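Please open the model in your viewer and keep the selection panel at hand.

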Amino acid sequence: MAGPVPAECYYVGVDVGTASVRAALVTTDGHLKCSAEEHISIWEPQPDHYVQSSTEIWGKCCCVVKRVTQDVEKSQVRGIGFDATCSLVILDKNFQPVPVNMDGERQRNVVMWMDHRAADQAARITATGHKVLRWVGGVMSPEMQPPKLLWLKENMRESCWKEAVHFFDLPDFLSWKATGSLIRSLCTLVCKWTYCPPEGWDASFWTAIGLEDLLENNHSKIGNLTCPPGTPVGEGLTQEAATDLGLDPGTAVGASLIDAHAGGLGVIGADVKGFHLPCESHPITSRMAVICGTSSCHMAISQQPLFVPGVWGPYLSAMVPGFWLNEGGQSATGRLIDHMVKGHAAYAQLQEQEQQRSSLSGENVYTYLNNHLSSMTKAHYTVDQLGSSLHLWPDFHGNRSPLADPTLKGMVVGLTLSQTLDDLALLYLATVQAVALGTRHILEAMKEAGHDITTLFLCGGLSKNPLFVQIHANATGLPVVLPEQTEAVLVGAAVLGACASQDYSSIQSL
């Protein structure tokens with residue numbers, strides 16, 4: 001600690017996920033005092049195009065922050081931190097939204113992380129073989145920002161590209177909105193924009209892919225000032241932002257993180273003494289954080305850079321200061337499970353059964369399905385064995401890691417003409433098993449490159465599903481640790497605010 005932390009003080013963490021904005025008021029010992037959530041809109045104007053509104057997102061951030069801080073004095077809130085999906089926000093010279101789709105709707109100015117419109121541009125960037133690709137597993141993903149920028153230049157030159165003056169990663173947009181500072185987090189620029197510290201931007205890369213105009217004015221459109229996550233940004237909250245959020249002007253704001261990285265930060269350093277886990281007597285590099293929600297991210301850190309084919313990184317200090325990060329991932333996990341369950345012919349029957357039970361027990365459909373699978377298990381079977389004749393390949397939205405092929409498609413093998421609730425439960429099980437085996441595939445690629453991972457640390461929405469957790473343990477053969485504080489992403493965001501407040505000397509000291 002940098003000095004004594006005032007009694008009864010708090011930090012606010014704000015998490016902008018794929019479909020919602022959440023905030024939490026977090027105590028000095030890392031516990032959530034309260035939290036709030038608001039839905040945010042997603043528009044799909046055409047296949048593989050997913051867009052949002054930065055105006056709506058900021059408005060929902062303000063709403064949830066006001067709700068979690070309404071019962072404490074403003075002066076008790078020492079700092080605020082933001083995390084968000086790695087979506088692309090575009091503003092004009094007056095910091096007003098610029099449309100990112102042909103419909104010209106100006107408020108829809110965010111190209112979402114899962115938007116795959118730029119698959120062709122990503123493939124062309126990969127084909128250049130440029131040296132910066134070494135830091136993203138050798139393959140440029142359409143989920144990163146360079147191909148999205150190239151798509152906008154090639155397809156919306158008049159209505160978007162010529163108007164655009166500021167390109168932000170969504171986490172950096174939020175810190176700018178809060179402070180007025182244009183400084184970018186190293187987390188976003190390094191992980192999604194090919195920024196390579198200490199050298200910085202590689203002009204030859206942007207020229208080679210046809211985006212040399214981003215080099216103008218010392219890279220002002222994409223950022224020429226950077227700082228590590230948790231660094232105090234600007235002078236804290238501006239008067240306008242403080243009014244919007246219901247906090248005091250000058251409240252410390254920490255440089256942001258991508259949402260998955262905030263989750264990794266929230267769990268990977270957990271104290272596991274006394275649980276007899278293999279990682280207890282090993283360094284933090286023996287742990288992998290799996291942040292599993294709409295998609296999944298697999299975070300492993302190392303003291304020296306390790307290059308893993310098809311896996312993003314190594315990135316220095318992108319999550320934990322002083323350590324190199326490798327980031328594997330699956331583009332659709334929770335979203336895939338929802339897609340398979342809700343698209344089945346027996347889903348209406350499942351809803352009816354779940355509603356009858358939930359009125360008594362508070363179950364959701366996945367708790368019901370987990371219980372239904374248990375009831376289908378015979379004495380000499382495990383739940384895993386129920387899926388022995390039904391198999392699923394989970395790349396319905398391409399493969400992020402380790403095959404790094406966004407063109408891959410999903411498949412199901414072993415279907416029959418039967419469409420009962422039992423069949424739906426088995427398809428759900430096969431989907432969870434496929435996702436878990438995808439984690440194993442990523443884990444094996446990382447181990448082959450030099451990582452020595454002995455324990456998985458899970459957080460995110462899917463980590464609240466006991467079957468999902470158990471199947472991951474079974475598929476990987478590794479122990480799985482769940483945090484006592486289940487909202488690890490929100491805690492990770494609050495850590496940024498705590499670090500920025502200078503109540504603590506560094507992220508590690510928390």
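Begin by selecting strand β2 (residues 20-27) together with β3, which pair in the antiparallel sense over 7 bridges; strands here are DSSP runs of E with at least two residues, helices are runs of H or I with at least four residues, and both are numbered from the N terminus, while two strands count as paired if DSSP finds at least two bridges between them. This is a predicted model, in which local features need pLDDT of at least 70 and side-chain atom pairs count only at pLDDT 80 or more, whereas totals for chains, interfaces and linings use all residues. Residues are numbered from 1 along each chain as its sequence is written, and side-chain values use heavy atoms, with hydrogens and water left out.

Within this pair, pick leucine 25, whose bridge partner in β3 is cysteine 34. Then widen the selection to the open sheet of 5 strands, ordered β3-β2-β1-β6-β12 with mixed pairing. At its edges stand β3 (32-39) and β12 (252-258), each with a single partner strand, so one side of each has no neighbour in the sheet. Neighbouring strands of the sheet are turned by 15° against each other on average, direction ignored; axes are lines fitted to C-alpha atoms, for helices over the stretch in contact, and angles run from 0 to 180 degrees between N-to-C directions.

Next, select helix α10, which lies across β1 (10-16), β6 (77-84) and β12 and runs at about 105° to β12, contact meaning heavy atoms within 4.5 Å. Of the 9 residues of α10 (residues 259-267), 7 are buried, so the helix is largely enclosed by the rest of the structure. Buried means under 20% relative accessible area, with a 1.4 Å probe and protein chains only. Among the buried residues of α10 are His261, Leu265 and Val267.

Now turn to the cysteines. With a disulfide defined as a pair of cysteine sulfur atoms within 2.5 Å, the count comes to 0 disulfides. Cysteine 62 is in no disulfide, the nearest cysteine sulfur, that of cysteine 61, being 6.7 Å away; cysteine 62 is buried, with a relative accessible area of 7%. Cysteine 292 is also buried, at 1%, and its sulfur is 6.7 Å from the closest cysteine sulfur, in cysteine 459, too far for a bond.

Terms used. Buried < 20%, exposed > 50% of the residue type's maximum accessible area, 1.4 Å probe, protein only.
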